[in-house]
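Trainee: Could we go through how helix packing and burial are read from a set of coordinates?

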Amino acid sequence: DWGKGYGREGAAYHGLGDLESAIQSYQKGLQVEPGLAMLTNGLKEVEADMAASAGGGLGNIGNLVQRPDLLEFVAKSPMLSQFLVQPDFADILNQLKSDPKALGTHLNDQRVQMLLQELLREKNPDMFRKAEEDEIKKRKEKEAAEEAKKKKEEEDAKRKAAEEAARKAAMTEDDFKDDPKGLSDFYKDKGNAAYKAKQFEEAISWYTKAYEANKENVTVLTNRAAVRFEQKQYDDCVADCKKAVEEGRACRADWKIIARAFERMGNAYVKQERLEEAIAAYNDSLVENRVRDVEKKLKETEKLLKEKTANAYLDPAKAQEEKEKGNALVKDGKWIDAKAAYDEAARRNPKDHTIYSNRALCYMKLMEWPAAKADCDKALEIEPTFVRALERRGNCYIMLKEQTKALADFRKGLELDPSNVGLQSGIQRVEASMFSGKRDEEAVANAMKDPEIQQILQDPVINNVLRDLQENRAAAQEALKDPVIAERIQKLAAAGILSFG
């Protein structure tokens with residue numbers, strides 16, 4: 001149950017003129033969220049309309065949806081305009097405009113409930129403004145109370161911490177004559193204070209005394225390892241971590257302590273560029289205790305090792321040899337063998353954009369369009385003005401039923417090379433599909449996923465032009481003289497949403 005949901009339902013019934021159902025919805029909502037402003041205010045307005053009706057006044061607030069500018073109202077609403085790309089919603093709006101009584105069949109549709117809420121907001125802005133102000137006031141009061149509670153808890157925690165620190169500061173070694181564990185913790189606290197003050201040698205001295213006082217307090221070994229790490233004494237850091245693991249397992253120490261020792265061992269190995277050993281240490285840490293930060297370190301180290309291995313394999317000269325080998329195989333029509341040669345060339349020199357474009361050609365000949373498009377993406381990522389990759393990617397987009405993206409690539413390529421025959425031919429292919437009179441449902445479905453197409457379809461100006469194309473050709477032709485409008489209409493046509501055939 002959701003109070004605002006009942007509020008929207010009540011507003012919908014109110015807009016339909018079904019005042020009794022509206023009251024029931026508001027009352028159900030108040031059972032879920034007592035005092036919710038939109039429910040109490042909505043209930044008051046319905047009751048006022050009922051009272052006016054009983055007195056012979058205008059009890060029914062009228063058919064809110066029966067207005068000539070309903071589509072424009074929806075298009076201007078940030079909340080509602082997103083639904084215009086949904087064909088069934090547009091059908092509902094047209095139905096409501098012609099027959100307001102049809103509202104009853106759509107009241108369970110949340111979009112219609114939101115529509116009525118916005119219409120009522122326009123009709124009675126003061127009521128909604130007051131409801132929003134009440135909600136904001138309640139929220140601020142709640143936030144203030146929570147902030148005050150949090151502040152008090154923080155102050156209490158600081159006070160207790162200060163009292164505990166003062167108690168510990170007053171203690172001496174003599175307080176732990178018969179308590180080796182307490183003495184070890186006393187030395188550990190001294191070491192922690194020295195570590196925070198970056199007095200590393202003093203910290204090591206205290207941690208060493210803490211371990212000698214209680215050999216089962218292996219935490220101090222991991223703490224001493226942290227100091228060694230700060231001092232860049234990585235071998236000593238690893239030695240302390242290994243000792244902490246060995247001694248910790250012997251005395252059955254907390255598994256979190258063992259995990260921390262492996263983690264710090266891994267950190268030291270990374271600094272020494274002993275990446276395989278670091279990965280092993282991080283994995284051992286995760287076996288003991290699954291911690292997100294260690295998972296992140298493991299992934300980063302694995303990535304470093306992969307890059308290190310790849311960099312060791314780089315050889316531009318050998319890459320050129322493999323590319324030339326691939327080029328020769330392409331001439332012989334041996335696409336699979338050519339692709340293998342380009343694979344090796346890319347491993348040897350991943351920064352050569354021409355290798356990816358050449359391999360894209362092989363994928364295209366093998367009709368593997370997504371892979372071909374991905375290689376064109378890579379080539380253009382390295383060299384955005386590479387015309388050959390733009391042409392090949394445009395052709396891939398055509399085969400992938402993404403005509404608007406194909407048109408964009410061909411046009412960009414012609415800006416760079418106006419006389420390019422392949423790009424000109426690509427544009428002709430897209431335009432031919434625009435004027436074919438055939439509707440490609442797969443292409444349309446792909447286009448509807450494109451955010452740019454969705455934005456164009458939500459533009460009220462474009463909606464007016466589309467309507468004029470059906471009803472008023474002269475007005476549409478005048479609007480199409482605007483280059484921005486013409487370009488957007490052409491994108492819709494290229495996407496297959498419009499057809500001029």
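This is a predicted model: local features need pLDDT of at least 70, side-chain atom pairs count only at pLDDT 80 or more; totals for chains, interfaces and linings use all residues.

Trainee: At what angle do helix α8 and helix α9 pack, and how far apart are their axes?

Mentor: Helix α8, covering residues 180-196, packs against helix α9, covering residues 200-213, at an angle of about 170°, and their axes are 8 Å apart. Since angles over 145 degrees count as roughly antiparallel, that value makes α8 roughly antiparallel to α9.

Trainee: Which residues make the contact between α8 and α9?

Mentor: From α8 the contact draws on P180, L183, S184, Y187, K188, K190, G191, N192, A194 and Y195, while α9 supplies F200, E202, A203, W206, Y207, K209, A210 and A213. Sorted by class, the contact of α8 with α9 holds eleven nonpolar, three polar and four charged residues.

Trainee: Taking S184 by itself, is it buried or exposed?

Mentor: Buried means under 20% relative accessible area, and S184 is buried because its relative accessible area is 0%. S184 lies in helix α8, and, leaving aside residues up to four places away in sequence, S184 touches A210, A213, N214 and N217.

Trainee: How are α18 and α19 oriented to each other?

Mentor: Helix α18 (residues 369-382) and helix α19 (residues 387-399) pack at an angle of about 150°, with 9 Å between their axes, and they are therefore roughly antiparallel to each other. Their crossing is left-handed. On the α18 side the contact is made by W369, A372, K373, C376, D377, A379 and L380, and on the α19 side by A389, L390, R392, R393, C396, Y397 and M399. By class, the residues in the contact of α18 with α19 comprise ten nonpolar, no polar and four charged.

Trainee: What span should helix α6 have, and how far apart are its end C-alpha atoms?

Mentor: The check compares an expected span with the distance between the ends: at 1.5 Å a residue, the 14 residues of α6 (residues 110-123) should span 20 Å, and the end C-alpha atoms of α6 are 20 Å apart, which agrees.

Trainee: How many of the residues of α6 are buried?

Mentor: Ten of the 14 residues of α6 are buried, so α6 is largely enclosed by the rest of the structure. The buried residues in α6 are R111, V112, Q113, M114, L115, L116, Q117, E118, L119 and L120.

Methods. Residues are numbered from 1 along each chain as its sequence is written. Side-chain values use heavy atoms; hydrogens and water are left out. Axes are lines fitted to C-alpha atoms, for helices over the stretch in contact, and angles run from 0 to 180 degrees between N-to-C directions. Helices (H or I, at least four residues) and strands (E, at least two) are DSSP runs, numbered from the N terminus. Angles under 35 degrees count as roughly parallel, over 145 as roughly antiparallel, 65 to 115 as roughly perpendicular and the rest as oblique. Contact means heavy atoms within 4.5 Å. Ala, Val, Leu, Ile, Met, Phe, Trp, Tyr, Cys and Pro count as nonpolar, Asp, Glu, Lys and Arg as charged, and the others, Gly among them, as polar. Buried means under 20% relative accessible area, exposed over 50%, partly exposed in between (1.4 Å probe, protein chains only). The expected span of a helix is 1.5 Å times one less than its number of residues. A crossing is left-handed if the near helix is turned anticlockwise from the far one by less than a right angle, and right-handed if clockwise.
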